[in-house]
Each structure stands twice: as structure tokens, then as C-alpha cells.
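Q: I have a structure open and want to go through the fold and the packing. Can you take me through it?

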Amino acid sequence: MSTNVNSNIIKSTAKTLGNILVFLLPNKARKLSENRITLIHKNKANLNIIERLMRYALVQKLETIEDHKTVAAKNREFWVKNDAIELFKERENTFTTDFLPNCTFLFDLLKKELSNQPEQFNTLVEIGTGNGDTLNYLSSEFPEVNRFIGIDLSPDQININKIKYKENQKLEFIAADAVDWVKKHGQSNTIFVSSRGVLEYFLEQNLQNFLKDVSQLGKIYFVAIEPNASNHDFKTTKETQLYGNEPSFSHNYPFLFENAGFKLWHSSQNFFDQGGSARTFIGAKNF
């Protein structure tokens with residue numbers, strides 16, 4: 001009880017101080033809040049104490065968005081623009097601090113799955129490849145795969161990746177909408193990957209249609225690592241919920257994958273102490 005009381009006092013004090021600073025420093029406040037998503041995801045390590053307090057207060061003031069189509073449109077607009085590049089730069093360290101220690105177990109399980117298959121899966125496609133760190137890592141972990149394709153909405157980030165990883169001949173980076181790319185270029189015996197927040201930006205019906213399109217390509221493996229609202233009970237709520245201040249979508253991934261014709265060979269969740277968030281790990285195949 002005392003821990004919760006102390007936490008509430010700290011939050012209340014931070015909000016009060018932040019609001020005072022926002023009032024006293026309107027130009028800095030305006031700059032911090034130029035973009036809603038950038039404000040929410042701003043790396044605290046890059047902010048001083050004054051900016052942190054202001055950011056906290058500004059996030060609390062964000063108006064609630066309830067319309068799912070508006071949410072999807074705003075998020076798509078952000079990831080196409082240069083703002084996304086700045087966010088990718090700020091998140092570079094999370095590959096080491098988060099992905100490697102917390103997410104790679106799922107790819108170890110994928111290796112076991114593939115070892116039991118007589119057919120070779122020649123292509124791995126990462127949807128929402130971002131700065132390409134995950135795709136580069138996977139190219140070393142799965143030497144039997146010939147092509148590693150990273151798709152992202154941001155043309156500028158894709159150009160950065162091509163230069164950054166020009167020595168790795170296995171990697172291909174493509175600026176495209178994954179939905180359109182799959183319809184034109186998707187093929188059987190492919191491994192699809194989404195890592196730590198990609199499918200959360202799809203409207204529910206669009207995601208369901210996309211998974212069905214992927215499933216119809218032929219033999220497919222799909223590995224998804226996606227955030228969820230911690231209060232989203234997959235057993236009782238099939239429908240997608242809005243999640244976070246962005247906001248994005250908390251999808252019922254087990255339901256959507258199975259409804260698209262996939263069988264789950266892994267499904268688990270990690271719950272975080274703060275922020276009401278969880279992370280869902282999905283391993284699926286359609287054969």
C-alpha cells in the first residue's frame with residue numbers, strides 16, 4: 001500500500017512541476033509536443049530533467065482518440081515521415097538492451113521448428129524492419145536462408161539501411177507497404193517476422209485480411225512479437241482494443257492468426273510492471 005501511495009505522490013508532483021514548466025517555457029513545450037507519437041516515445045536518456053518533467057505533463061494532456069481509422073491514419077503518417085528516423089536512432093540501444101535478452105528465445109524455437117521440416121524455407125521477410133538491426137541479426141542466426149528482405153514504410157530509413165548494411169549481401173531493404181508487397185511478391189516457403197511493434201498499427205480488419213493473404217501464399221512460418229494492453233484478456237475479448245497514448249491497437253493475436261488459417265506452435269506473454277502493457281510472442285505456421 002505504501003509503495004502505491006509513494007508512487008502516486010511522485011506522479012502528482014511530477015505532473016505539477018511539469019505543468020509549471022510548460023507555462024513558463026511555452027516555446028520549449030511547443031517544440032517537445034510538435035508530434036504526438038514522437039512526444040510519447042521520446043527517449044528519456046536524451047532529455048534533461050526539465051524536459052522530462054515537461055514531457056510527462058504534456059503526455060497527460062493529450063486528447064483521447066477513439067476513432068480507429070483516425071488512429072491508423074495518424075500512425076501511418078508518422079512512420080512514413082522523417083520523424084520515424086529520429087525515433088529509430090533513439091531506439092538503437094534497445095536491440096541490445098531488450099531484443100537480445102528478451103526476444104531471441106522465440107527464434108531459437110523457430111530453429112527447432114525448421115529442423116523438423118524436410119523442405120527449405122529460402123526467404124525471411126521482416127515487416128517494419130526499422131533500422132535493420134533485427135534483420136541483420138537474423139541473417140547470422142539462419143545461414144540456411146538465402147534472402148532476408150526488410151520492408152518499411154519510410155523510404156529515407158530504407159536508404160540509410162542500404163548504406164549501413166551494404167557489406168551484408170544477404171540483406172535487401174525495400175520501401176513499401178507490406179500489404180501491397182505481399183500481394184505482388186509474396187511466395188511459399190517464406191518466414192515472416194514482425195518485431196516489437198508493427199502489427200499494432202494495422203486496423204483489425206486490415207490485419208486479418210493481411211494474415212489471410214500471407215496464409216494463402218503456400219507454406220509459411222510467421223513470428224510476431226507485438227505489444228498489448230495488459231488488461232486485454234485474449235480468452236474473453238476477441239475484439240481489438242485501443243492501447244496507450246499513441247494510441248495503437250491491442251489485437252488478439254492468437255485469435256487473428258488462427259482465424260487466418262495458421263496453427264500456433266508458440267504463444268506466450270510477458271507483463272510489465274509499469275504502463276499497463278504486455279508483450280505477446282507468437283509462433284505460427286499454416287501447414
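Q: How many helices and strands does the protein have?
A: This is a predicted model. The protein has 13 helices and 9 strands.

Q: And how compact is the protein, going by the radius of gyration?
A: The radius of gyration is 20 Å, close to the 19 Å from the globule rule for 287 residues, so the protein is as compact as a globular protein of that length.

Q: What does the C-alpha trace span along the principal axes?
A: About 65 × 45 × 35 Å.

Q: Burial next. What share of the residues is buried?
A: Buried residues account for 47% of the 287 in the protein.

Q: And the accessible surface, what does that come to?
A: About 14,700 Å², with 50% of it belonging to carbon and sulfur atoms.

Q: What about the largest nonpolar core, how many residues and which have the most contacts inside it?
A: That core has 26 residues. Those with the most contacts inside it are Phe107, Leu110, Leu124, Leu138, Phe142, Phe148 and Ile191.

Q: Which helices and strands each supply at least two residues of this core?
A: On the helix side, H7 (94-102), H8 (105-115) and H9 (133-141) each do. The strands are S3 (171-175), S4 (190-195) and S5 (220-229).

Q: Which gives the most?
A: H8, with 4 residues.

Q: What is Phe107 in contact with, leaving aside neighbours within four places in sequence?
A: Phe107 is in contact with Phe99, Leu138, Phe142, Val193, Val223 and Ile225.

Q: What other core lies apart from that one?
A: Another core of 25 residues, among them Leu211, Leu256, Phe257 and Ala284.

Q: Back to Ile191. Where is it found, and is it buried or exposed?
A: Ile191 is in strand S4. Its relative accessibility is 0%, so Ile191 counts as buried.

Q: Which residues does Ile191 touch, not counting those up to four places away in sequence?
A: Ile191 touches Leu110, Leu114, Phe121, Thr123, Leu124, Val125, Val145 and Tyr221.

Q: And how far is Asp233 from Ile191, by C-alpha atoms?
A: Their C-alpha atoms are separated by 28 Å, and the two residues are 42 apart along the chain.

Q: Over the whole protein, what share of contacts between residues at least 6 apart in sequence joins residues at least 24 apart?
A: 72% of them.

Notes
Residues numbered from 1 in each chain as written. Predicted model: local features only at pLDDT ≥ 70, side-chain atom pairs only at ≥ 80, totals over all residues. Heavy atoms only, no water. Core = buried A, V, L, I, M, F, W, Y, C linked by side-chain atoms within 4.5 Å. Buried < 20%, exposed > 50% of the residue type's maximum accessible area, 1.4 Å probe, protein only. Contact = heavy atoms within 4.5 Å. Rg over C-alpha atoms; globule rule 2.2 N^0.38 Å. Areas by Shrake-Rupley, 256 points an atom, 1.4 Å probe, with all protein chains shown as cover.
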